[in-house]
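Let's take a walk through a protein model together. Have the picture open while you read, and find each piece as it comes up.

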Amino acid sequence: MTGSDRLPIAGARRTWAWLRLELRARWLGSTFAALVGVVGAAASVVPAYALGVLVDRVKENAPVSAIVPIAVVIVAAAVVGGVATGTATYLVGRVCGHMLADLRERTVARALRLPATTLERIGKGDLLSRVSSDAAAIGKAATSVIPTMISAFLLGVLSIAAMAGMDWRLGLAGAVAVPLYVAALRWYLPRAAPKYAAERHAVAGNSQLLVENMQGVRTVHAYRLEQRRLRDIGDASYQVHDISVSVFTLFTRFVGRINRAEFFGLAAILVVGFLLVRSGAATVGQSAAAAVLFHRLFNPIGMLLFTFDELQAAAASLARLVGVADLAPDCGDDPDGDDPDGDGVGEPAGAALELRDVRFRYDGGPEVLHGVSISVPAGARVALVGSTGAGKSTLAAIAAGILRPETGTVSVAGVAQAPDRLRAHVAIITQEVHVFAGPLIEDLRLARPGAPAGEIAAALSAVGALDWATALPAGLDTVVGEGGHELTTAQAQQLALARLILVDPAIAILDEATAEAGSLGARTLEESAAAATRGRTTLIVAHRLAQAAAADRVVVLEHGRIVEQGGHEELVAAGGRYAQLWRAWEARTPTSSSR
Ligand SMILES: Nc1ncnc2c1ncn2[C@@H]1O[C@H](COP(=O)(O)OP(=O)(O)OP(=O)(O)O)[C@@H](O)[C@H]1O
């Protein structure tokens, strides 16, 4: 999917293959559901058949004793048919529901593993619309459309068989409608499919636009883009509206064709029935039963055909979900998901971090890292400094396995690691700290599910957050994040540092974790960060040079290249780029000398 700006959509063959595999994996449940469906359809045919017998007996002036059993059969068959059809609907819905749940889980799991750059490129709106509206379309099909279609199909087949059983000519007359139904469907499907795909595409584009504008609402306000953005959203909504109207127009024309098929089918049965009765080849009851059987099919066949479009929409949605679920774990960068050298399979025994000859570019843009090599010995603390745009955050993201280098390797204890393996050893804290909505203690437990309250309190205490956390209205159970108690940036970053302690990685990467807190908050956060990373191999992107001064070694990056590295004192004495940055920082920060 490299180079594409939308998530992939699975082809028809791949989608069928997925469906077959899933059904095979659930063969017991699917076979049982199909059997119950056949029983339901057979029982539903019986009353119409029995009605024919009843008509003949009444015509022959049969005694009540010959009529009552038929009435009993009709009632019993109706009850059995109703119960079996309802059960089959439930069973089919259950099988489909489980399949969808698994697929949705797989899609979300794959999406969460997408490289950050890929996710940025494709936009979150497309992904959101797949796991929400696409999954909803499939869910609806799974619980109502597909069970209805299966029972309608079975009923249709058994009804024609029953008509043919009474007299083959009646069966043939009923079958006259089949080619007309098929012709209607063949007229409709090729026209509807692209329209549904276009509709889903337009809806996805529209939600993408909405998400973008909501996320960037501050920028929209700042540049007074409200009117222009509203116009764009309006245009996109009109496009969705127009496509939906054209879909509906097509659908009504389709309904006309269905009615025509019903008319010809019923007319053929009535005419053939009349001729057969007149020639004595069939009874009035049989002809009446055939007409009732056929009329009884109007609803299920209509349902079958009318819901075909929903099935098509669901199929389009299914292809969109399977497309994401099928993505290779590290798609977008390396289809194999292996590390570039193919050697990242060993388990490292140690915590030394080494980046060797790393090159990187964002999506075909200019190269932003030109062969950078950095070594952080086990337990050491290395600070990365440099001017804005030098490539520090990019390098940190590569070291953490969030981005995959174009060439070069990242090793832990001398063993090259693919990005997804790297994430098992390395944890990163970036400036964009997210507080998940829910009780604060659960936010922390995301880092270590089931962590006892004591350990959580210890982690909070280590980063200096226990006092304010326990002072919250409901202590650690206070609901924080969106819609809950609002935390300051510094508090959110302390939570992230506490999570780091709970994750307990051998290697920690801090990317500007203290940059946004203001100088007073920054000092506290520096202490929290030092506590959280104590004993770990640490790479810090240091905008505040106090962090660089406290590190074991400093690496200076400029324009994607290392221009200097060494100890703080050594670099200051050398009078190079670092000394220049340090002097400028000291001048700006009067208290810096007291680091
Ligand atoms: N998502 C992205 N897409 C395209 N280019 C990017 C992206 N992120 C960063 N860049 C570019 O890559 C280069 C390195 O950026 P990076 O953020 O790594 O630098 P930095 O040293 O961390 O800067 P700062 O200190 O301002 O955060 C810059 O030229 C930047 O414009």
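Start with the shell of residues around the ligand: three of them are nonpolar, seven are polar and two are charged. One thing to keep in mind is that this is a predicted model. In total, 12 residues surround the ligand, and the closest are Tyr362, Thr388, Lys392, Ser393 and Thr394. Which helix gives the most to this shell? That's helix α12, residues 392-399, with three residues.

Let's zoom in on Ser393, which lies in helix α12. Asp511 is 118 residues from Ser393 along the chain, yet their C-alpha atoms are separated by 6.5 Å.

Now for the sheet. Six strands make up an open sheet with mixed pairing, in the order β6-β9-β10-β3-β11-β12. At the edges stand β6 and β12, each with a single partner strand, so one side of each has no neighbour in the sheet. From one strand to the next, the twist averages 20°. Strands β9 and β10 run parallel and are joined by five bridges. In that pair, Ile507 stands opposite Thr537. As a general point, strands of a sheet pair through backbone hydrogen bonds, either parallel or antiparallel.

| Helix | Residues | Strands involved | Angle |
|---|---|---|---|
| α17 | 489-503 | touches β6 and β9 | about 175° with β6 |
| α21 | 577-588 | lies across β3, β11 and β12 | about 95° to β11 |

Next, look at helix α11, residues 308-325. How far apart should its ends be? With 18 residues at 1.5 Å a residue, α11 should span 26 Å, and its end C-alpha atoms are 25 Å apart, which agrees. Of those 18 residues, 14 are buried, so α11 is largely enclosed by the rest of the structure.

Finally, step back to the whole chain. It has 21 helices and 12 strands. Of its 595 residues, 40% count as buried. Among contacts with a separation of 6 or more, 78% are between residues 24 or more positions apart. The pair Ser393 and Asp511, 118 residues apart along the chain, has that kind of spacing.

Notes. Residues numbered from 1 in each chain as written. Predicted model: local features only at pLDDT ≥ 70, side-chain atom pairs only at ≥ 80, totals over all residues. Helix = DSSP H or I, 4+ residues; strand = E, 2+ residues; numbered from the N terminus. Buried ≥ 20, exposed ≤ 12 C-beta atoms within 10 Å, placed from the backbone. Contact = placed C-beta atoms within 7 Å. Pairing = 2+ DSSP bridges. Axes fitted to C-alpha atoms, helices over the stretch in contact; angles between N-to-C directions. Near = placed C-beta within 6 Å. Nonpolar A, V, L, I, M, F, W, Y, C, P; charged D, E, K, R; others polar. Expected span 1.5 Å × (residues − 1).
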